[in-house]
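Open the model in a viewer and keep the selection tool at hand. The tour goes one stop at a time, and each stop gives a selection and what is found there.

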Amino acid sequence: MRGSTVFLLVLLSLGAALVAWRVWPTTPPEWVSLRSSFDALRRAPVPALVVVPFEPRQARAEVDSDGYRYTLPRPDGDLVIEGRRLPVQPDPLGQASLTVRGVPAQWSTGTVTWRENGARYTLSGPEAASVQDGEGATRRLIGLDAAQRQQFGYAVDTPLLFGVYLPLLVFFLGIVGLRMGRAAKRSHIPVAMLAVAVLALAGCSPTRAAVAPELPAAPETDSPDRTWEYAIDLLRVGQGESARAAFERTLSLGADRWPPADSALFLRDLAEVRLAAGDTAGAREAVQGARTRLGRIAPTAQFQEPDRQLYARLLDALEAAARGDTATLDGYARDGRLPTVDPAYLLGWVREQAGDRSGAVQAYRAYLDGVPRFGILRRTAVMRLHAADVVRGA
Amino acid sequence: MSDGAYCQRWHLPVAGGSRALASALAVGFLSLLVGLLFLKISPERIVDGTDSPQYDLLARNLAADRGFSFSAGPPFEPTTYREPLYPTLVAAVYRLSGASADAVGVVQVVLLAATSVLVVVLGARVVGLLPGVLGGLLFGATPEAAHYAGWLLTEVPFTLLLMASLLFAVEARQAGRGLDFLLAGVALGLGILTRAVAQSLVPFVAVGSALLVDGRRRWPAVARNAALVLAGTLLVVGPWVLRNVDTSGRPTITARFGTNLLRRAPRAAEPVAAYRDWIVASAWIMANPLSELLVPLRTFQWGPRPEDNLIWDFHVNESVRYVNRYDPVCRAAADWEGCATEIGVAFIRAYPVQYVAQAAFELVKVQFAPLPGFQALVHNATVWLAWIGALTLIVRRRLTRDQGLLLLVVGAYLASSVVLDTQVRYLVPVLPLYGLFAGWTVSRIGLWAAARAGVWPRVRGRVVSGAPSSKRQIRLLPPRERTPVAALPVRDRS
């Protein structure tokens with residue numbers, strides 16, 4: 001390799017490094033204190049639990065040999081979370097008045113106390129003014145790693161993208177520009193690089209399971225949109241009961257006043273979860289609301305009459321299921337004109353509730369033949385599992 | 001005889017020659033001017049209904065050190081939905097410019113000009129300088145590419161990386177140098193991190209360039225060269241794959257497979273009656289804008305809004321309706337991507353014949369511009385001329401190895417687009433290759449007309465052109481097709 005080539009390569013490398021240094025991302029100033037607090041909590045002698053704010057706040061963290069104290073200032077008073085090492089002979093905890101993160105906890109005048117991971121935790125502040133408030137506040141508690149990831153993203157991304165890929169792109173474009181592809185002829189280095197790359201890829205197991213998701217954190221604000229998303233997230237992680245509560249909360253926050261397309265879908269969701277919980281009257285009420293709103297959706301190129309007919313059929317089937325009307329459901333299930341098999345599931349469900357197990361199995365089989373192609377209801381994932389369980393047990 | 005010697009013999013400059021370089025730079029400069037003009041005319045950079053708002057959000061999160069995340073607010077969960085390189089480039093420009101989307105537009109126009117230069121250089125090596133220049137102009141100096149350079153979309157950077165990869169592949173094929181094979185792989189790897197569809201090109205570029213190498217073919221060398229392309233690609237994409245394994249448990253570049261499948265696969269279950277409209281729409285689009293003169297677009301209008309149209313139903317509306325239908329299901333599933341993939345694959349399994357048959361419609365969608373206008377005229381004429389040129393070369397058995405390599409890449413690209421989901425903008429990255437073959441057709445017609453007018457020499461009934469040497473032509477070329485050197489009207493045989 002000639003000296004000039006080496007010089008140009010070195011120059012390109014320096015240029016690429018300079019670009020990366022110049023554009024390296026930084027945390028916005030309003031979030032710096034929270035980031036510093038999280039960094040400080042890494043040194044805590046007990047696993048740190050925190051609440052992540054949605055809005056920027058001047059968070060504080062104090063760590064000592066016994067534990068940590070995390071303070072989140074709010075206009076109506078500070079939210080404080082403390083974690084302390086348990087002594088060898090801990091005092092017995094009083095009568096449990098609520099459950100936090102799956103363990104019994106005690107509430108007393110603005111403070112929730114519980115024990116986990118060999119530590120004693122307290123959460124105090126206006127959020128814990130009552131038992132119910134305290135329970136709500138503790139649902140937003142998460143571990144430090146998850147909090148860091150929720151608030152500041154995946155830690156590897158910045159060094160990988162700005163420390164590796166961006167310089168590589170700059171360097172490569174420089175190579176293209178300089179047309180320096182004539183340097184090496186019979187180098188064995190590329191072959192060695194192939195071996196390294198193959199070994200690196202071989203090291204990653206495709207079967208490795210994803211990190212188990214923590215329960216989604218409840219929204220901090222009373223926003224119907226966020227509460228609906230939270231409800232769907234709870235459904236996603238299999239928390240049907242909590243999801244129903246969140247759907248009801250969304251309704252109380254005014255979701256039925258949304259534009260027709262959104263409120264029709266929301267009320268259909270609500271009808272589904274109410275029906276699954278056995279609240280047939282509530283399900284019928286939600287279906288009626290959804291039907292009214294569905295009729296108000298203006299047709300567009302991407303919402304045409306066949307779409308309206310399809311979604312109306314789903315509502316009709318939910319209402320028939322709420323009435324326990326198997327004849328109507330059977331008719332819907334046999335009607336092949338609309339691309340949905342959800343009526344077959346609902347037929348199976350109604351029959352199962354009525355104790356007609358063989359009829360339920362027959363309907364569930366028809367349902368399983370058609371999903372996932374023609375399963376459109378929100379709870380399709382749960383419905384499939386249930387139908388498969390019943391059929392398997394038959 | 002090398003291409004260079006061949007072309008010098010014919011007074012047709014090749015890449016590396018001063019005339020080729022000057023031509024390439026001139027085309028690049030023209031592309032720069034057209035691109036800047038479009039930036040001035042069209043102030044929109046982030047356009048609703050396109051992917052650009054997503055790229056903007058990803059870049060803003062990256063610039064604010066929140067990682068590669070789609071969330072507008074906490075939690076900033078890492079995403080695998082998009083490829084990372086383009087948002088990183090945008091984030092870098094944002095960091096330098098104070099989040100100015102216009103600055104990104106300017107950078108993309110510069111990249112567009114650089115791409116045009118590469119297209120001319122590649123064209124001069126593969127189809128001759130004149131077709132190369134025409135190809136560069138058909139890509140870089142027309143409204144379509146300039147249009148995309150002004151929006152926050154991956155088209156221009158991806159095209160640049162793809163052309164760079166092909167240039168290195170052609171150089172590697174001609175000279176058999178290991179470093180060129182490796183660089184072709186690196187460029188492909190960077191391309192994959194910009195648009196994952198480039199994954200499908202890796203085996204074709206690797207095996208194609210290694211197999212078609214000039215000189216005597218030695219299998220160990222073929223294997224080594226193909227492995228070098230693969231190594232270059234794996235070295236680049238490997239870290240991102242590992243990152244995705246850690247965040248999502250899947251060794252993938254992107255998790256968009258399910259979304260794409262969901263847009264297309266449910267169509268396979270549509271009844272036979274629906275095919276009539278699709279055939280009409282396909283025929284109309286293929287003949288666009290000529291069809292506009294015969295059967296105006298408004299004939300297909302069924303509602304008051306512009307998108308209430310049969311052509312738009314075929315192209316966009318149906319796909320959106322399918323996604324709207326299944327999105328609620330997958331939002332509540334444990335894994336959106338897995339849910340969408342499962343639904344799409346279930347349709348393919350249930351209706352395999354329909355799915356394959358509908359690939360014909362996808363071929364139309366990916367290649368032809370659907371709406372009439374000057375842009376469609378240039379685009380669709382380029383596509384038709386390119387296929388005429390390519391088929392002429394194949395039928396007359398004059399396809400060279402380099403040209404074969406480019407056609408292989410186009411074929412692989414089209415096939416992978418057609419298998420999943422297609423939009424006409426997906427053609428943009430290979431449009432320069434269409435431009436080169438279209439340029440070849442236009443130059444042949446031009447030279448033929450010039451020869452008829454007596455201003456260009458004819459040799460034994462054939463027009464002299466910048467076709468590369470017979471030595472590099474694929475073996476299909478029979479010896480009788482080779483023109484004796486002595487018979488050529490050469491001004492300078494040195």
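Predicted model: local features only at pLDDT ≥ 70, side-chain atom pairs only at ≥ 80, totals over all residues.

**Chain A as a whole**

Next, consider the contacts in chain A with a separation of 6 or more: 53% of them join residues 24 or more positions apart.

**Asn117(A)**

Go to strand E7 (111-116) and strand E8 (119-124) of chain A, and select Asn117(A) in the loop between them. Its phi is positive, about 55°, although Asn117(A) is not a glycine.

Now select helix H7 of chain A, residues 224-236, and pick out Glu229(A) within it. Is Glu229(A) buried or partly exposed? Its relative accessible area is 44%, so Glu229(A) counts as partly exposed.

**Pro372(A)**

Move on to the loop between helix H14 (357-370) and helix H15 (380-393) of chain A, where Pro372(A) is placed. Select Val371(A) together with Pro372(A) and look at the peptide bond from the valine to the proline: this bond is cis, with omega near 0°.

**Ala99(B)**

Switch to chain B and find the loop between helix H4 (85-97) and helix H5 (101-126), which holds Ala99(B). Ala99(B) is not a glycine, yet its phi is positive at about 60°. With a relative accessible area of 31%, Ala99(B) is partly exposed.

**Pro289(B)**

Select helix H13 (274-287) and helix H14 (290-294) of chain B; Pro289(B) lies in the loop between them. The peptide bond from Asn288(B) to Pro289(B) is cis, with omega near 5°.

**The disulfide**

How many disulfides does a search of the whole structure find? The search finds one over all chains. Select Cys330(B) and Cys339(B) and show their side chains: these two cysteines form a disulfide, with the sulfur atoms 2.2 Å apart. The torsion about the S-S bond of Cys330(B) and Cys339(B) is about -70°, so the disulfide is left-handed. Cys330(B) is buried, with a relative accessible area of 1%. Cys339(B) also counts as buried, at 10% relative accessibility.

**H20(B) and H21(B)**

For the last stop, select helix H20 (residues 401-420) and helix H21 (residues 431-452) of chain B. Their axes are 10 Å apart and the helices pack at an angle of about 135°. That angle makes H20(B) oblique to H21(B). The crossing of the two helices is left-handed.

Which residues of H20(B) and H21(B) make the contact? Show these side chains:

- From H20(B): Gln403(B), Leu406(B), Leu407(B), Val409(B), Val410(B) and Leu414(B).
- From H21(B): Leu433(B), Tyr434(B), Leu436(B) and Phe437(B).

Colour the residues of this contact between H20(B) and H21(B) by type: nine are nonpolar, one is polar and none is charged.

Definitions and conventions. Residues numbered from 1 in each chain as written. Chains lettered and ligands numbered in written order. Heavy atoms only, no water. Axes fitted to C-alpha atoms, helices over the stretch in contact; angles between N-to-C directions. Helix = DSSP H or I, 4+ residues; strand = E, 2+ residues; numbered from the N terminus. Parallel < 35°, antiparallel > 145°, perpendicular 65-115°, else oblique. Left-handed = near helix turned anticlockwise from the far one by under 90°. Contact = heavy atoms within 4.5 Å. Nonpolar A, V, L, I, M, F, W, Y, C, P; charged D, E, K, R; others polar. Disulfide = S-S within 2.5 Å. Buried < 20%, exposed > 50% of the residue type's maximum accessible area, 1.4 Å probe, protein only.
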